[in-house]
Amino acid sequence: MITLTDKIALVTGAGSGIGAAIAECFAEAGAIVFASDLNAAAAQQTAARIIQAGHRAESLALDVSDEASCLAALKTVNEKHGRCDVLVNNAGIGHVGTILGTKPEDLERLWKVNVLGTYQLSRAMLPGMIERGKGSIINIASILGVMAMEARFAYTTTKHAIVGMTRAMGMDHGTTGVRINCICPGRVRTPFVDEMLRQYENPEDYLRQMEAPHAMKRMAAPSEIASAALYLASDAASFVTGSAMIVDGGLSAGK
Ligand SMILES: NC(=O)c1ccc[n+]([C@@H]2O[C@H](COP(=O)([O-])OP(=O)(O)OC[C@H]3O[C@@H](n4cnc5c(N)ncnc54)[C@H](O)[C@@H]3O)[C@@H](O)[C@H]2O)c1
C-alpha cells in the first residue's frame with residue numbers, strides 16, 4: 001500500500017484533468033495538498049471536492065509562468081507548513097501546428113508555461129528540499145517529450161525540454177535525497193484533449209485517430225497518470241531519479 005501520510009504536496013494546474021486527479025489521489029493517500037491553478041475558481045473546486053471526500057486540501061491561485069507568483073506560492077506553503085515535500089509541475093498548454101504554422105508568440109507562450117513554469121517553481125522549491133535532505137519533484141511531460149508527432153512542433157519542443165530538464169536535475173542533485181522525475185503520458189481524456197478536438201472539423205473521426213496509435217486502442221483516464229505520480233512521490237520510488245516514466249498504453253512501444 002503506497003501512502004503519502006502528512007506529506008505536503010503542491011500540484012500545479014490542479015483545477016482540471018490530470019492535475020485535479022493527482023491532487024485527489026495524493027490527498028486520498030494521506031497528503032495535505034495545495035491544489036493550485038491559474039484559474040483560482042477551478043483550484044477551489046478541486047480543493048472543495050477533496051475536503052468533501054474527507055481529505056485535506058487548500059487551494060492556491062498560481063500562474064507558473066510568472067516568477068513572482070511562484071515565489072508567492074513558496075511563501076504561502078512555507079508559512080502554513082514550513083516545507084514542501086512533493087512538487088508536481090503539471091500545468092501545461094498545447095498548440096497544433098508545424099514549425100511553419102507556429103508563430104514566435106505561439107512558441108513563446110508554450111515555452112513560458114511548459115518550460116519556464118517548471119523551471120521557476122522547481123528552482124524555488126528545490127533549496128528547501130535539499131536542506132531537509134528529501135523531496136520529490138514530478139514533472140508532467142508527455143510522450144511527445146521522447147518522440148515526435150505530426151503538427152505538434154511547439155508542444156514537442158517544450159516537452160522534450162522538460163524531459164531534458166528532469167534528467168539534468170536528476171544528475172545534478174542525485175546525492176541530496178531529492179528525487180526528480182517526469183511522466184510521459186500518451187493521450188489522456190481531459191479538457192486539454194477536448195479543447196484540441198474542437199480545433200478539428202470532424203472531432204469524432206479525430207477522436208478515433210487519437211486512440212488508434214495506442215496498443216490498448218484507448219486513451220488513459222486521468223487517474224491512471226495520477227497512479228504513476230503517486231508511485232514517484234512515495235518512498236516506494238526511493239531509487240528512481242532523473243527518469244522519464246512512460247505511461248502511454250503502448251503508444252510508443254512499436255516506434
Ligand atoms: N491530456 C493529455 O492527453 C496529455 C498527454 C500528455 C501530457 N499532458 C500534459 O499533462 C498536463 C495536464 O494536462 P491536462 O490534459 O490535464 O490539461 P487541462 O487543460 O485539463 O488542465 C491544465 C490546467 O493547467 C492550468 N494552467 C494553464 N496555464 C497555467 C499557468 N500558467 N499556471 C498555472 N496553471 C495553468 C489550466 O488552468 C488547467 O486547469 C499538461 O502539462 C499536458 O501537457 C496531457
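Ala9 touches Leu4, Phe26, Ala31, Val33, Phe34, Asp85, Val86, Val88 and Ala233, leaving out residues up to four places away in sequence, where a contact means that the C-beta atoms of two residues, placed from the backbone, lie within 7 Å. The structure is a predicted model, in which local features need pLDDT of at least 70 and side-chain atom pairs count only at pLDDT 80 or more, while totals for chains, interfaces and linings use all residues. Residues are numbered from 1 along each chain as its sequence is written. Helices (H or I, at least four residues) and strands (E, at least two) are DSSP runs, numbered from the N terminus.

**Nonpolar core**

- Ala9 is also among the residues with the most contacts inside the largest nonpolar core, together with Val11, Ala23, Phe26, Val33 and Ala229, and this core has 74 residues.
- Such a core is a set of buried Ala, Val, Leu, Ile, Met, Phe, Trp, Tyr and Cys residues joined through C-beta atoms within 7 Å; a residue is buried if 20 or more other C-beta atoms lie within 10 Å of its own, exposed if 12 or fewer, and partly exposed in between, with C-beta atoms placed from the backbone.
- Helix H1 gives the largest share of this core, eight residues.

**Surroundings of the ligand**

- Of the 30 residues around the ligand, those that come nearest are Gly13, Gly17, Gly92, Thr190 and Phe192, a residue being near a molecule or strand if its C-beta atom, placed from the backbone, lies within 6 Å of it.
- Two or more residues of this shell are given by each of helix H1 (17-28), helix H4 (104-132) and helix H6 (191-197).
- The shell around the ligand divides by class into 14 nonpolar, 13 polar and three charged residues, where Ala, Val, Leu, Ile, Met, Phe, Trp, Tyr, Cys and Pro count as nonpolar, Asp, Glu, Lys and Arg as charged, and the others, Gly among them, as polar.

**Packing of H3 against H4**

- The axes of helix H3 (residues 67-81) and H4 come within 9 Å and cross at roughly 35°; axes are lines fitted to C-alpha atoms, for helices over the stretch in contact, and angles run from 0 to 180 degrees between N-to-C directions.
- The crossing of H3 and H4 is right-handed, a term used if the near helix is turned clockwise from the far one by less than a right angle, with anticlockwise giving left-handed.
- On the H3 side Glu67, Cys70, Leu71 and Leu74 take part, and they meet Gln120, Leu121, Ala124 and Met125 in H4.
- The residues of this contact comprise six nonpolar, one polar and one charged.

**Positive phi in two loops**

- Most residues other than glycine have a negative phi.
- Ala151, in the loop between E5 and helix H5 (153-172), has a phi near 55°, a positive value in a residue other than glycine.
- Ala151 counts as partly exposed because it has 13 C-beta neighbours inside 10 Å.
- Lys217 likewise has a positive phi, near 55°, and its place is in the loop between helix H7 (203-211) and helix H8 (222-233).
- Because Lys217 has 11 C-beta neighbours inside 10 Å, Lys217 counts as exposed.

**Individual residues in helices and loops**

- Glu24 is placed in helix H1 and is buried, because 23 other C-beta atoms lie within 10 Å.
- Leaving aside neighbours within four places in sequence, Glu24 is in contact with Arg49 and Ile50, while the C-alpha atoms of Glu24 and Ala57, 33 residues apart along the chain, are separated by 8.9 Å.
- Lys134, in the loop between H4 and strand E5 (135-140), is partly exposed, with 16 other C-beta atoms within 10 Å.
- Met129, Gly177 and Val178 are the contacts of Lys134 once its neighbours within four places in sequence are left aside.
- Glu211 lies in helix H7 and counts as partly exposed, with 17 C-beta neighbours inside 10 Å.
- Not counting residues up to four places away in sequence, Glu211 touches Lys217, Arg218 and Met219.
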